[in-house]
Amino acid sequence: MAGFVGRTLRGEWYGIVVDPLRQLRRRGPAALLLAFVACAGVIFFHAIAQHPTGAAAVRILGGVQGDLPLWLALLRTPVSLYVPALDLPVWAGITQLFLAFALAELALGRRRTLLIAYAATLAGTLTVRVMMAVGPGWWGLGLPPEVGQVLDTGPSAAVVGLFTYLSVVRHAPVVFLLTGGSMVLESIAKPNLAGREHLIAVAAAVVLGLLHERGRHRRQTATNAQDTASA
């Protein structure tokens, strides 16, 4: 048992930390472009939101709520990735944001990192609309109309989604339990909109990760079959 745990932790350490650091050594700081842009965006929006005029501008540009027209919510969703929750410590959030985007960008590449971050955020935005349409009840799945006035999670859903996706494709059950488990505990301890959206982000990332693994397995099987046929 101890040996299995040790091998698991070692595999996760190499898959989640060591391999990305090797990529960073090989590619240099330019490989962290998304991480730097994400952090700069959060710092910028947080700074201008400290003034009433700036706060109004941030809300117009990146504030996503369930009662917005769908087209407007979709238009604002990419910007919402950089709009932090103003009632939470911004520097702690920036640390998590940087780690999530940096590790994902090094391990997955720039395009897939953006795809996962956006998909996790969008999944929460769209699912909340479905829950509002269902209405209160439905075994606690539905939401009342007044939830439509609450701002979406911003970059935190992307952070949760990236860590979860990494844990799936890099076979890191400990990281998965830390990420998904903390979201479950959060939703129990503080059952609010953010907790639901984080759980949705976890679910969306799991599905995307499993689909990627399934596709990779199929490609590997096809390659092995071709090698066997040509041998």
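A helix here is a DSSP run of H or I that is at least four residues long, and helices are numbered from the N terminus. Keep that in mind as we walk through this predicted model, because the numbering by DSSP run is how we'll find our way around.

Let's start with the whole chain. It has nine helices and zero strands. If you follow the sequence from one end to the other, you get the pattern α-α-α-α-α-α-α-α-α.

Now look at who touches whom: take the contacts with a separation of 6 or more, and 76% of them join residues 24 or more positions apart.

Buried residues account for 42% of the 231. The chain exposes about 13100 Å², and carbon and sulfur atoms supply 70% of that area.

Time to zoom in on a couple of residues. Thr77 sits in helix H4, which covers residues 70-80. Is Thr77 buried or exposed? Its relative accessible area is 0%, so it's buried, given that the cut-off for buried is under 20%. Setting aside residues up to four places away in sequence, Thr77 touches Val64, Tyr118, Thr121 and Leu122.

Now hop along to Gly161, which you'll find in helix H7, residues 155-169. Gly161 also has a relative accessible area of 0%, so it counts as buried. Which residues is Gly161 in contact with, leaving aside its neighbours within four places in sequence? They are Ile116, Ala120, Ala201 and Ala205. Gly215 makes a handy landmark too: Gly161 and Gly215 are 54 residues apart in sequence and 20 Å apart in space, C-alpha to C-alpha.

Last stop: empty space. Rolling a probe the size of a water molecule over the atoms shows where such space is left. The second largest pocket holds about 180 Å³ of it. Helix H1 (2-27) and helix H5 (90-108) each supply at least two residues of this pocket's lining. Among the lining residues are Ile16, Val17, Pro20, Leu21, Phe98, Leu99 and Phe163. What classes make up that lining? Sorted by class, it has twelve nonpolar residues, no polar ones and no charged ones.

Notes
Residues numbered from 1 in each chain as written. Predicted model: local features only at pLDDT ≥ 70, side-chain atom pairs only at ≥ 80, totals over all residues. Heavy atoms only, no water. 1 Å grid on protein atoms, 1.4 Å probe; cavity = no way out; pocket = protein on both sides within 12 Å on 5 of 7 lines; lining within 4 Å. Points joined across faces, edges and corners; volume = space filled by probe spheres on them. Nonpolar A, V, L, I, M, F, W, Y, C, P; charged D, E, K, R; others polar. Buried < 20%, exposed > 50% of the residue type's maximum accessible area, 1.4 Å probe, protein only. Contact = heavy atoms within 4.5 Å. Areas by Shrake-Rupley, 256 points an atom, 1.4 Å probe, with all protein chains shown as cover.
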